[in-house]
Amino acid sequence: MNLDDVARGLESRAVHAGQDFDPATGAVIPPVHFSTTYAQDGIGGLRGGYEYGRSANPTRTALQTQLAALEGGAHGVSFASGLAAEDALLRAALKPGDEVLLGNDVYGGTYRLIARVLGPWGVKLRVVDMSDLAEVEAALAERPAQIVWVETPSNPMLRITDIAGLSRLGHAAGALVVVDNTFASPALQRPLSLGADVVVHSTTKYLGGHSDVVGGALVLNDDALAEQVRFLQYAAGAVSGPLDAWLTTRGIKTLPLRMQRHSSNGLAIAEHLAGHGAVARVYYPGLAAHPGHELAAAQMSGFGGIVSLALADGAAARRFAESTRLFQLAESLGGVESLVNYPDAMTHASVRGTELAVPEEVVRLSVGIESIDDLLADVDQALAGL
Ligand SMILES: *Cc1c(COP(=O)(O)O)cnc(C)c1O
């Protein structure tokens with residue numbers, strides 16, 4: 001099927017990209033291909049380029065096609081986890097002595113990967129507030145960086161960075177501009193269209209969407225870099241397994257629909273919390289009072305389902321996180337079910353004491369797609385107990 005003719009819209013692409021029916025049987029849903037190896041029509045006679053499960057797999061190809069179509073990129077490459085995708089990108093793009101300029105509130109595991117895994121191999125790291133482009137410009141003027149890496153909205157403080165502005169600064173300094181688009185997902189924000197070079201995803205979150213499969217992906221336009229990334233996918237081997245790839249493609253089909261509900265529920269929760277006496281501060285780009293609100297409204301088509309809040313102190317934050325009932329206390333985010341997380345001791349424990357540490361009074365909510373009245377009642381009963 002030629003998508004450009006019949007499936008131009010994002011919702012159509014989410015359902016149809018890479019999902020052609022099976023030519024042998026007509027099965028509308030392409031089968032999951034578990035085979036690790038492929039019969040050859042004579043030595044080297046591959047059918048469709050498939051040879052061995054690590055080098056390529058049709059179910060993985062379907063997912064990669066779908067990811068590229070959603071982000072509007074030429075190449076989609078999927079991995080066993082978000083961090084495996086990040087590792088492949090960093091090793092493809094960097095050599096010893098190179099430096100990464102990193103946002104000061106990125107996923108803790110990204111910081112850990114660069115500082116503690118790649119650091120000993122000679123990769124250097126500098127941290128700045130990416131939402132302040134003057135600070136980024138000054139940092140790049142002081143010393144160039146090979147990669148500029150941002151998360152917007154960021155985790156868990158929901159800071160917003162101007163992707164187009166950052167891309168201009170990064171490119172002027174000769175850097176590769178990487179956006180971790182996990183929080184927004186391509187349903188709300190497409191960084192490549194704003195000038196970024198590479199989009200990173202933990203597909204474990206909104207893309208998979210049901211908290212039942214770990215995965216990661218890169219989407220990019222540059223052919224040479226894509227070839228290096230694919231080489232590492234093959235040569236280092238952190239590939240997505242067939243069932244993981246299939247579950248992710250199934251999740252992605254409802255991504256645009258889910259993001260609408262995550263966004264409307266997120267906004268309702270954020271507005272409600274902002275008017276509650278026990279809440280010191282709410283971090284949500286959909287609120288007019290958020291410093292990045294106008295920028296988010298311009299570069300995103302919705303504000304998403306992550307809402308962070310500050311309570312009176314660390315003890316109140318811990319008590320709140322332990323007393324919601326519908327919001328389950330768990331790491332991760334982006335699934336249909338609502339979750340509550342205490343970053344300081346959970347998702348961001350690995351960055352405690354570093355420049356990425358999260359204030360101890362902050363709690364992060366991943367607002368799911370449940371009935372909004374139930375979600376509001378749950379946060380109210382938790383706040384009442386503080
Ligand atoms: C979870 C997450 C990652 C890491 O992805 P995994 O799939 O857990 O390896 C990277 N970036 C962000 C923003 C995340 O939320």
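The model is a predicted one, in which local features need pLDDT of at least 70 and side-chain atom pairs count only at pLDDT 80 or more, while totals for chains, interfaces and linings use all residues. Residues are numbered from 1 along each chain as its sequence is written, and side-chain values use heavy atoms, with hydrogens and water left out.

**Pockets and cavities**

Rolling a probe the size of a water molecule over the atoms shows where empty space is left. On a 1 Å grid over the protein atoms alone, a cavity is a set of points where a 1.4 Å probe fits but cannot get out, whereas a pocket is an open set with protein on both sides within 12 Å along at least five of seven lines; lining residues have an atom within 4 Å of a point. Grid points are joined across faces, edges and corners, and a volume is the space filled by probe spheres set on the points. For the classes in the table, Ala, Val, Leu, Ile, Met, Phe, Trp, Tyr, Cys and Pro count as nonpolar, Asp, Glu, Lys and Arg as charged, and the others, Gly among them, as polar.

| Space | Volume | Lining by class |
|---|---|---|
| Largest pocket | about 390 Å³ | nine nonpolar, seven polar, two charged |
| Second largest pocket | about 290 Å³ | six nonpolar, nine polar, six charged |
| Largest cavity | about 70 Å³ | three nonpolar, five polar, four charged |

The largest pocket, with about 390 Å³ of space, is lined by 18 residues, of which Gly18, Asp20, Pro30, His33 and Pro58 are the closest to its centre. Helices (H or I, at least four residues) and strands (E, at least two) are DSSP runs, numbered from the N terminus, and both α3 (58-71) and α9 (242-253) give at least two residues to this lining.

A search of the whole structure finds three cavities of 30 Å³ or more, and the lining of the largest cavity includes Asp129, Glu151 and Arg159.

**The ligand site**

The ligand sits in the second largest pocket, in the sense that more than half of its atoms lie within 2 Å of the grid points.

An oxygen atom of the ligand lies 2.9 Å from a polar backbone atom of leucine 83, while the side chain of serine 202 has an N or O atom 2.8 Å from a ligand oxygen, and for the side chain of threonine 204 the distance is 2.7 Å.

**Backbone features**

The peptide bond from threonine 152 to proline 153 is cis, with omega near -5°, and another cis bond, with omega about 5°, joins asparagine 155 and proline 156. Proline 153 is found in the loop between β4 (147-151) and α7 (163-172), and proline 156 lies in the loop between β4 and α7. Serine 211, although not a glycine, has a positive phi of about 50°.

How values were computed
Polar contact = N/O pair within 3.5 Å; in protein donor to acceptor, adjacent residues only side chain to side chain.
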